[in-house]
Amino acid sequence: MFDTGAFAFVWLWVFALLPLPWLVRRLLSAKSDVQQGGLYIPFADDIKQANSADRPQQTHAWKYLLLWLVWLLLVIGAARPQWVGELVDVARSGRDLMLAIDLSGSMQEQDFELSGRRVDRLTATKVIASDFIKQ
């Protein structure tokens, strides 16, 4: 873990991926010189020149700068940055419990016995749950 005081990167090795877009572009541009077979369009070069003349070169620079910034932020996020501070003891008391109780008509069935008398299922559940909570 790389630690700069209160800020740390858990996976420092991820920063080795920073030059990956440059390497991919370099490898793909070397293969782009290969001509591929396809449909011959006689005016395709004219269209390519018209498109390149319409867009100034500055937009390409901003686009690449923005893409590199996004890549840098993705790599930083993948390195698992963590804010590391002093350890703080958190006092814990009690338990968080949730009790789900069926309230359908079948809970009115009197098939339980408490203290010698027959009670319905909902009443038995309430008595048993309250005893559990008290203990």
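Tutor: Let's start at Leu17, which is partly exposed with a relative accessible area of 37%. On this scale, buried means under 20% relative accessible area, exposed means over 50%, and partly exposed is what lies in between (1.4 Å probe, protein chains only). Bear in mind that this is a predicted model, where local features need pLDDT of at least 70 and side-chain atom pairs count only at pLDDT 80 or more, while totals for chains, interfaces and linings use all residues. Numbering runs from 1 along each chain as its sequence is written, and side-chain values use heavy atoms, with hydrogens and water left out.

Leu17 sits in the loop between strand 2 (7–9) and helix 1 (20–31); helices here are DSSP runs of H or I with at least four residues, strands are E runs of at least two, and both are numbered from the N terminus.

Now zoom out. The protein has four helices and five strands, in the order β-β-α-α-α-β-β-β-α along the sequence. Of its 135 residues, 8% count as buried. The exposed surface comes to about 12500 Å², with carbon and sulfur atoms supplying 61% of it.

Some of the buried residues are in helix 4, namely Leu122, Ala124 and Ala129. They cover an arc of only 155° around the axis, taken from the directions from the helix axis to the C-beta atoms, so they lie on the same side of helix 4. The buried residues of helix 4 pack against strand 4 (112–114) and strand 5 (117–119), a contact being heavy atoms within 4.5 Å.

And the salt bridges? A search of the whole structure finds one, between Arg121 and Asp111, with the closest N and O atoms 2.8 Å apart. The rule is a side-chain nitrogen of Lys or Arg within 4 Å of a carboxyl oxygen of Asp or Glu. Arg121 is in helix 4, and Asp111 is in the loop between strand 3 (81–83) and strand 4, 10 residues apart. Both are partly exposed, Arg121 at 27% and Asp111 at 33% relative accessibility.

Key. Areas by Shrake-Rupley, 256 points an atom, 1.4 Å probe, with all protein chains shown as cover.
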